[in-house]
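Student: Could you walk me through reading this model, one feature at a time?
Tutor: Gladly; let us look at it together.

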Amino acid sequence: MTRLPGGLIDRSRTLSFTFDGKRYQGHPGDTLASALLANGVRLVGRSFKYHRPRGIVAAGSEEPNALVTLREGARAEPNTRATVAELYDGLVARSQNHVGPLNFDLLAVNDLLSPFFAAGFYYKTFMWPRAFWEKLYEPAIRRAAGLGELSELPDPDAYDRGYLHADLLVIGAGPAGLMAALAAGRAGARVILADEDFRLGGRLLAESDQVDGAPAVEWVDTVRAELESLPNVRILPRTVVFGVYDHGVFGAVERVSDHLATPGGAVRQTLWRITAKRAILAAGATERHIPFADNDRPGVMLAGAMRAYANRWAAAPGTAAPVAIFTNNDDGHRTASDLIARGVPVAAVIDARAGVQAQGEYRLMAGAQFVGTKGRLGLHSISVETSAGPETLSVGALGVAGGWNPNVHLASHHRGRPVWDADKLAFVPGAGGPEGLIAAGACAGQGSTAEALADGLRAAGEALAQLGLPAPTVPLPQAETRHDNVAPIWHVPGKRRAWVDFQNDVTVKDIALAHKENMRPVEHLKRWTTLGMATDQGKTANVTALAVMAELTGKSIPETGTTIFRPPYTGVSLGVLGGGDTGAHFRPRRLTPTHHWAKENGATFVEVGPWMRAQYFTRPGETHWRQSVDREVLAVRAGVGLCDVTTLGKVDVQGADAGVFLDRLYANAMASLKVGMVRYGLMLREDGIAYDDGTCARLAEDHYVVTTTTANAGPVYRNMEFARQCLWPELDVQLISTTDAWAQIAVAGPKSRDLLSRVVDDFDLSNEAFPFMACAPLTICGGLRARLFRISFSGELAYELAVPARYGHALMARLMEAGADMGVTPYGTEALGVMRIEKGHAAGAELNGQTTGQMLGLGRMVSKKKDAIGNVMSRRDGLAAETRILVGLQPVDAKDVVVPGSHLFDEGAPRDLDHDQGWITSACHSPHVGSSIGLGFLQNGADRMGEVITAANPLQGSEVALRVVPSHFVDPEGGRLRD
Amino acid sequence: MLIPHPLLGLRDAQEFTYLGDARLIERPTSGDEAELADYVFQRDNPAGLHRELWFHEQGDRSWLVVTRNTLTHEILGAELARDVSLARKEGTA
């Protein structure tokens, strides 16, 4: 490790790290990039398409080349920019995108084949034969062209999300951002100051500037100390504000522990959602390069980055050899002066402008033309043409200074269109863009330190006035004003390839080809050449590409187009967007009141929407789920069983107009329901399609309790509120969802009455006193408030008993205890499903949003006497003419299995849509029938009882002969329900 | 997005469920199939100001009529749908 004097690194501590297995040293304050350069490493990776050797280009998040895989194993993180990876002890990094060692990449053959890989080559080359694309071309291209590889292991780290609110969000902590945050902080505004770097100061850290007569870093530290002391200011270092969203909402990622070897119990990253009344964008500027022949060799860097490595990180640009600067403006000269001051030898400054003066003790080649570079794995010489003739200079690095592009990214969200500043030769934020966002400093084209400080103060004043807060009272510090005097020299013409977009390997020739092929609008240029579409979104490439295209078309740059940027500003990991909502936390999980009881009693659970429901209960000796389910079904049909049905939606409907209201919601009549009775109800959508079903129980004149299916509990409640508030607000009716308030247990089977009689308090359960479809409030178990409904899903004598949810577990235990001598059996959703198919009840598979009441055999329920949601539309011609109707299906050969999803055909008819007669919705093994059975919709089904049809399942290649039967396999007369 | 709830102040849009065109409030009562078909299937999709229904599902369960500019997402106001519906019914009564 060789270090220059000075810099903002902590030389008292040494950190050890490896790159491609080789061990190096660095210091706290280093990035991986600065440490690699200090160790003389110039070659860090291979390019995307041509596998060209590449080195570090930039010193910040705009880096196009130095993408590495950081860490190992499950924590391996591909495509990390070495320029923003903070060095820690034990850091492990690997280069990417090469086959064989980095310095002898076998796929470098692509570079020799480059004439075939010009812009648009995918579209032209791999057209034929068509079948080859998926099997041959695409996998080969994907393997050869690419970035790093994922570990494919689960991410071991935790991520979090948080919400912050502020009067003012300041994005960027350079001179403009610090000034703005200080002014607003002193004025009492709630301020959040976010910066992507781990140290505040922005570009001031990279410069040799003075502020108020002292090194700028001292001013930064003083401001930082004051901001930290203000309770109304929150500083978020290592935080990228990646996007602006509606109404002052900003997305930001804080890299909480990316700078540590492992998070050690902390989260890795936090996703912040920041709501701010105003925001100041002080995002700085990004230097652009000037494409010339072979400008992508390791050692060719942005001049400002070279300066940053020398000033901030005390690192020479990876070489002990002299360096040269190629510039079209005064900022390049500044780099030369700073390098010399740090002891880096400067061979020459090549200024494309004629007639300029040197600004220090270095050789100036003014008006010189760049010819080319040499050095396959690292720059070793450059060739220049001056009026004196050609000359070759031996250099280890070349700094390229092409002027600075304001970082307009966030200002161009929300359809903000940057405008061209012909004087500064740069796009600056224009009108439009996010409301309440004020650009300040270098990102607004105010790039010198003095301008940035003044502009930050100006922006803070503007924001404070809009917020109604006192004007800032901060004096403006003294600093230097500079002008870059950029000349419009965008690239150096030549025969060899000159790179514009390093990350996606797009050259000036590619742009010329796009021009020739009439892909001239910037949107076409981008897609044809893939320019600007890499992970860096073309931060160092887009404006230059636009300038090259403008030159080719003979138009001005603003006439040619503009560059706007979508979120995110820099790459955001999927892990942090998930914010910890993974695995079991992916969504809330709802447990029934008897969940723990079921778990202790051998239940296997199944997800039903957000609910976990008991699917079946395994008893000792049972080795297959069918054994458990058959046993449960037979036990209910012969004795009594218990099932938790809490998950069905429950809505309490109260008010003088409750009956009228429900009459308009359900296709069938509800106002006429007698108090103490329950009625099955069918809800339609307004377009006439069946929507949901359930029961309405009338507990009092002005009090109903309605149930919905489990899946539709939320949507039906939402629709009921819509009807109440939007359609009929004049009705006296109130609603509340009570799904969670009541535990409800189905007690089903011929012995259910006997079992219930053991828990009710002095309540007459006789058929006369409490007939089928009766309901009543009552007390049980010596005073517990409960509701009893005599309804049946299984087709047996059955009840549903509801108690406050906290008693659900105890009730289940009590019923099991009370019915032990009669063999009471808990059953799960599987047995529930078998029994409802045996009984021919419709459920989710039948109410699938494509069926009508008529198809379900419930057509007569749809009242013609009243207006209810969907009733009129259910009678329109297309639906009324529908002849498919719900039927039962039973295999002709009892050994055959009915497969849901199969389609129904006449025997021997072609298996196509024209001959399709319907489909199978539900099927199960019926222990009652002794074979597989199913339900399905069949054309003219009502008239085809006894007919044999074919169920075809082309996916599985199976065909089964089925007999059409009535949908009630059990007790078709319904006697069991009523006795 | 933030929605200015008339009772609860600025609330995050994530608390709401979106339905669409507020003309859904104007359900025809004639029982005429053509009129209902228009109500069920026809929606305007304006580029600009749009009155639309939002349900404060993770909140107080109010249905709101929100006036939003679909081009800029600017929200110009929010009313209780119940008030909008009642005013309309009184106007036509």
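Student: Which strands of chain A does helix 21 (residues 829-839) lie across?
Tutor: This is a predicted model, where local features need pLDDT of at least 70, side-chain atom pairs count only at pLDDT 80 or more, and totals for chains, interfaces and linings use all residues. Residues are numbered from 1 along each chain as its sequence is written, and chains are lettered from A and ligands numbered from 1 in the order in which they are written. Helices (H or I, at least four residues) and strands (E, at least two) are DSSP runs, numbered from the N terminus. Helix 21 of chain A lies across strand 47 (918-926) and strand 48 (931-939), at about 120° to strand 47. Axes are lines fitted to C-alpha atoms, for helices over the stretch in contact (C-beta atoms, placed from the backbone, within 7 Å), and angles run from 0 to 180 degrees between N-to-C directions.

Student: In what order do the strands of the closed barrel in chain A run?
Tutor: Strands of a sheet pair through backbone hydrogen bonds, either parallel or antiparallel. Here six strands run 45-48-47-46-49-50, with antiparallel pairing (a pair needs at least two DSSP bridges). Neighbouring strands of this sheet are turned by 45° on average, direction ignored.

Student: How many bridges join strand 46 to strand 49 of chain A?
Tutor: Three, between residues 903-905 and residues 948-953. H903(A) stands opposite A952(A) of strand 49.

Student: How many residues does each chain give to the contact?
Tutor: Chain B gives 21 residues and chain A gives 16. Helix 2 of chain B gives the most to its side, with five residues.

Note on methods. Two residues are in contact if their C-beta atoms, placed from the backbone, lie within 7 Å.
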